[in-house]
Amino acid sequence: MRLPRRQTTARALIAAVLVAAFAAQAAAALRPHIPLLLVATTASLAVEGVLYRWQRDILSLFAKSHADLTVRHVLRDLLLVVGLLRVGEQDRETAYAPLVAGLLVFYALHCAIQAVSVLVRRTRTLPVLTRNIDARALRLTPAPPAVLGRAGHRLLAFGLPSTAGLLATAATGEPRCAGLGVAVSLGLALMGLYELVVRLLPSRRPVGEQEVLDWFDAWLAEYRPTVGLYFSGGASSAYQANMWLEPLAKLEGRPLIVLRERFMVQKIAATDVPIVCLPKVSTLLRLEQSTLQILIHPSNSGKTSQVLRIPSLKHAFVNHGESDKLSSCNPYAKAYDEVWVAGSAARERYAQAEVGVEDKDVVEIGRPQLDAVRPYTGPPTGTYLTVLYAPTWEGWDGNPGNTSVIEAGENLVRALLADPGVRLLYKPHPLTGSVDSRAGAADLRIRELVRAANRERSGQRPPTDGELERYARELDRLTTSSFRAGADQVERMLAQSVPEPGRAQAVARATAAWEEAYWGSLPEWEHQVVTDARPALYACFNQADLLVSDVSSVVSDFLASGKPYAVANTSGLPEDTFRRAFPTAGAATVLTPDAAGVPRLLAGVRHPERDELAGARAALKERLLGPDEPTAQARFNEAVRALCSAARDHRARMAQRLAAEIPAPRKEAATGQTAATGQAAAGQ
């Protein structure tokens with residue numbers, strides 16, 4: 001993506017100033033010219049600070065040119081020394097020789113610190129990361145100061161006294177100023193090196209890799225997990241796993257969350273369920289010897305195939321939302337033992353897609369997450385009708401019908417804002433603009449439309465009593481962990497041990513209280529752009545009288561409320577063809593890109609007697625989400641129970657077959673596998 005011209009110009013100017021400062025410093029040192037030397041050196045230091053504070057990407061450009069911070073710092077000090085040597089008496093070489101030696105020792109210590117910091121980092125890179133698990137037996141300790149592991153920051157911080165001393169000597173002619181500065185730099189470097197070296201002592205570093213693996217095996221044997229949530233993905237995809245945390249926590253048995261990327265441990269939302277991160281395949285395969293029976297997969301990823309190799313586990317694909325898009329019928333789904341869907345519509349979708357998923361492997365469980373969505377209670381009774389516009393993102397396939405943001409978003413928002421009785425909640429998808437820059441630009445224009453509409457409105461604002469802030473602090477205390485800026489993964493493991501008893505219930509109460517305070521703190525006339533993690537999408541559902549969206553899982557989920565909804569048709573298909581192609585639009589008002597149907601849509605919401613789609617919504621809700629009874633959570637739990645039973649039966653058959661095939665001398669070795677099977681059967 002090209003940078004804006006103003007930003008490019010600023011970066012070029014900063015780089016030019018730094019180059020000019022070094023050129024001026026070199027000229028001043030060789031001439032010599034002390035005032036120019038002082039000004040040029042100070043300017044180069046100031047530019048370094050600007051680079052590290054606001055323009056870090058320029059640092060990588062210098063590094064690629066072999067002009068990284070170490071080279072620049074050595075050059076800066078060298079030019080100062082050259083300038084000092086060329087000023088004054090001829091015997092200055094002898095007087096300044098100790099300073100030069102001190103600088104050389106400082107740079108040697110800098111290199112030594114870097115080497116030892118790498119060793120320390122390796123000892124603190126464990127094969128297993130955890131959350132919500134007591135891992136103190138691994139000798140976890142706080143991380144060393146962050147500056148010791150960052151070569152650039154360290155050299156600037158530790159080398160600043162020596163550079164300042166040399167500047168003072170250049171200005172005053174007093175060598176003791178430079179000597180003091182170099183001594184301070186040497187002292188800082190020695191203390192930093194000592195701080196790292198002691199962490200390599202056996203008693204001060206975490207246990208070794210094999211000891212960690214042995215501990216993990218022992219923990220699995222003690223906890224005896226039965227069902228796990230397996231997730232792998234990028235930083236922005238964590239929401240796909242987070243939507244299944246609460247249903248997972250409510251399951252019978254002992255749930256577990258299995259991650260593959262180290263950074264993902266902190267991306268998973270607040271939960272009391274134990275979390276393990278197993279980056280290596282060899283570590284992942286240790287789950288085969290545990291009591292774990294099934295893994296639930298909310299998404300497909302390249303690393304999913306690695307866990308499918310474990311023959312003792314059963315796998316169920318639950319997806320992270322259902323829609324009529326082709327991505328909801330990915331051929332990868334046939335790799336799982338079962339595909340769990342919300343209702344009969346998804347079963348039919350897989351049959352029609354012919355992607356290799358057999359009907360017998362499709363299980364309808366509903367959408368357990370939707371228990372929090374409140375049902376329709378009638379038309380709006382207040383002054384304003386609240387409309388939620390929640391478009392999806394552009395997707396990977398370039399289909400113009402994926403998102404309405406590009407072709408219809410601004411028209412839809414203008415039409416909604418034109419009604420003085422409408423209050424708009426705009427909640428864009430978090431990935432909007434990540435593939436197509438046009439979507440990102442349209443999103444920004446829509447936000448500006450909302451801000452402009454708010455400037456045209458006025459009214460009383462609810463009094464501020466600090467209630468929202470109090471609930472936010474309480475919710476943050478329960479759901480987030482505070483770490484030092486330099487905390488590494490080991491330190492976070494130490495801080496995120498076993499949660500307090502009853503935390504999950506406390507989080508639910510705090511969330512409900514925060515949501516009530518949040519909506520109560522907003523003027524009823526004010527439009528909102530909702531982009532933060534809170535309030536969640538389902539909380540927006542409960543505030544809305546009407547949804548406008550695209551063909552996405554948002555529509556399917558909103559049907560749980562029974563409220564009216566509209567779907568934007570940007571596919572170019574005629575309306576009747578569009579409805580046939582996308583069954584979720586069957587009970588929706590279909591809007592064209594020009595948003596001409598918005599006034600009629602709003603009138604139907606305000607006057608239910610004009611709502612001709614109420615019956616169709618009820619029928620479509622059952623078809624997409626299944627019946628209201630038994631609850632989706634109960635059906636989810638039953639699906640888990642049934643697949644766990646199948647996994648235990650499979651293990652028993654495999655153990656019997658293995659026992660029959662192994663020659664007599666190896667029977668004893670097979671006993672451990674049989675015992676593990678027995679433990680797994682007892683774990684449910």
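Accessible areas come from the Shrake-Rupley method with a 1.4 Å probe, and for residues only the protein chains shown count as cover.

**View 1. The whole chain, shown as a predicted model.** The chain exposes about 32,100 Å², of which carbon and sulfur atoms supply 57%. It has 25 helices and 14 strands, which are DSSP runs (H or I over at least four residues for helices, E over at least two for strands) numbered from the N terminus. In this predicted model, local features need pLDDT of at least 70 and side-chain atom pairs count only at pLDDT 80 or more, whereas totals for chains, interfaces and linings use all residues. Residues are numbered from 1 along each chain as its sequence is written, and side-chain values use heavy atoms, with hydrogens and water left out.

**View 2. Helices α2 and α3 crossing.** The axes of α2 (residues 34–54) and α3 (residues 56–64) come within 6 Å and cross at roughly 115°; axes are lines fitted to C-alpha atoms, for helices over the stretch in contact, and angles run from 0 to 180 degrees between N-to-C directions. Leu51, Tyr52 and Trp54 of α2 make the contact (heavy atoms within 4.5 Å) with Arg56, Ile58, Leu59 and Phe62 of α3.

**View 3. An open, parallel sheet of 6 strands.** The strands follow the order β11-β10-β9-β12-β13-β14, and two strands pair if DSSP finds at least two bridges between them. The edge strands, β11 (528–529) and β14 (589–591), each pair on one side only. Helix α14 (residues 405–417) packs on the sheet, touching β9 (385–390), β10 (422–426), β12, β13 and β14, and its direction makes about 170° with that of β9.
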